[in-house]
Amino acid sequence: MTSFKSDFLSILSERGFIHQLSDDTGLDELFSKETVTGYIGFDPTAKSLHVGSLMQIMLLYWMQQTGHRPIALMGGGTGMIGDPSFKDEARKLQTQDTIAENLAGIRQAFENYLSFGDGPTDAVMIDNAEWLLDIKYVPFLRDVGRHFSVNRMLSFDSVKLRLDREQSLSFLEFNYMILQAYDYVELYKRLGCRLQMGGSDQWGNIINGIELGRRMEGAELFALTSPLLTTASGAKMGKTASGAIWLNADMLSPYDFWQYWRNTEDADVVRFLKLYTTLPLDEITRLSALAGSEINETKKILANEVTAMLHGRAAAEEAAETARKTFEEGALADNLPSIAVARSELASGVGLLSLLVSAGLAGSNGEARRHVQGGAVRLNDQPVSDPRLSVDESDLVDGVVKLSLGRKKHVLVRPE
């Protein structure tokens, strides 16, 4: 492990955030002697970011905590094209209205991590649509495009992957890396930004920006990438069998978010404590020594701390208490996730399979049937084995029906 003088790079190194640095000595010197401005870009591909973006948000968090200025760059301009990096096909083009709606949603995730304002270390949120949508094509080609080598762009892994598979790479997507590089130059000119951070799949794009800044402005810029994380079993962070782990509470409840971290694989717990919480490293070392059933208590600490950072301490404590009542006492906790079903439908009976799908416990009737036949489904804590079962008003307990998949997924069905 490289030894750094600056607090920022020392923390990142100790906690496992660093994959590559363009100039570790130069960047360490910069962080040691002045307030550094750095950024990460977020493209608005959905109404919320998911857990896969959380490491990037934590990079911005630690940057501010160590006395520097983070920029969260919203991709209102680049989002109209879509990053082709390591994608098998072109992204579906989005309208400006959809992009605006998505941007409004993803901004929510930063509120509990960063402090925004006008001070020297206050975070900045800016949209690259401010400069990209007003670009004049011919001047841009002359002033910016002339600095790019097509031969070199074709050598990038993200481009080669598509071409080697004989999959189409549109001219539109090919321009994405030029626009991203230009973002870096604009942020340097507007805000004195000297560092771009991102996942390791962004390395080539960030280096492009460094070189463009040197050629256009004579600027010395830097790159830092974090590792692309998968779980110990190889699953991609932020994706589960039941869908994405969204950061916005209106797309995934704090309880379900808490449960995602509570269900972390044993081999991932210490790594996730370092990356996604602010617990001191000596405390994490102490927790790492726990084994057997005690590791479940460590997982609860992980779930509490990550949920508290995103949704607030009260939401984390409520989620933990809901889980305790549900799993340790077998109680019916009112703040479990719930769905509404028309009372008239419930009066005549609703098929168990369709109810499981509506509750998000299965993706299709076929999957729901397999769950039932495999003994994984419970109705009001009682196992059910008949996929033809119909749920009606007689199944209401205290005004609700409790559906469970396995021991850890529960949804309340409420008549309305």
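**Charged pairs, cores and a surface patch**

Modeller: The structure holds 14 salt bridges, and please keep in mind that this is a predicted model.

Colleague: Which residue does arginine 190 meet in a salt bridge at 3.4 Å?

Modeller: That partner is glutamate 130, with the 3.4 Å taken from N to O between the two side chains. Because arginine 190 lies in helix H10 (residues 176-191) and glutamate 130 in helix H5 (residues 129-132), the pair ties together parts that are 60 residues apart in sequence.

Colleague: And are those two buried or partly exposed?

Modeller: Arginine 190 counts as partly exposed, at 41% relative accessibility, and glutamate 130 is also classed as partly exposed, at 45%.

Colleague: What about glutamate 186, where does that sit relative to arginine 190?

Modeller: Both are in helix H10, 4 residues apart, which is about one turn of the helix, and their side chains meet in a salt bridge of 2.7 Å, N to O. Glutamate 186 is buried, with a relative accessible area of 8%, under the 20% cut-off for that class.

Colleague: Which residue pairs with aspartate 268?

Modeller: Aspartate 268 forms a salt bridge with arginine 271, and their closest N and O atoms are 2.6 Å apart. Aspartate 268 is buried, at 2% relative accessible area, whereas arginine 271 counts as partly exposed at 30%. Elsewhere, salt bridges that share partners join Glu130, Glu186, Lys189 and Arg190 into one network.

Colleague: Switching topic, how many residues are in the largest nonpolar core?

Modeller: That core has 65 residues, and those with the most contacts inside it are Phe8, Phe42, Phe257, Trp261 and Tyr276. Helix H3 (residues 54-65) gives the most to this core, contributing 9 residues.

Colleague: What is tryptophan 261 in contact with, leaving aside its neighbours within four places in sequence?

Modeller: Tryptophan 261 then touches Val51, Leu54, Met237, Phe272, Tyr276, Lys299, Leu302, Ala303 and Val306.

Colleague: Last one, which residues make the nonpolar surface patch?

Modeller: The patch, of about 450 Å², is made by Tyr137, Val138, Leu141 and Phe171, with the largest share, 3 residues, coming from helix H6 (residues 137-143). Leucine 141 is found in helix H6 and counts as partly exposed, at 40% relative accessibility.

Note on methods:
Residues are numbered from 1 along each chain as its sequence is written. This is a predicted model: local features need pLDDT of at least 70, side-chain atom pairs count only at pLDDT 80 or more; totals for chains, interfaces and linings use all residues. Side-chain values use heavy atoms; hydrogens and water are left out. A nonpolar core is a set of buried Ala, Val, Leu, Ile, Met, Phe, Trp, Tyr and Cys residues joined through side-chain atoms within 4.5 Å. Buried means under 20% relative accessible area, exposed over 50%, partly exposed in between (1.4 Å probe, protein chains only). Helices (H or I, at least four residues) and strands (E, at least two) are DSSP runs, numbered from the N terminus. Contact means heavy atoms within 4.5 Å. Patches are made of residues with over 30% relative accessible area and no salt bridge: like charges are joined within 9 Å, nonpolar side chains (Val, Leu, Ile, Met, Phe, Trp, Tyr) within 5 Å. Accessible areas come from the Shrake-Rupley method with a 1.4 Å probe; for residues, only the protein chains shown count as cover. A salt bridge is a side-chain nitrogen of Lys or Arg within 4 Å of a carboxyl oxygen of Asp or Glu.
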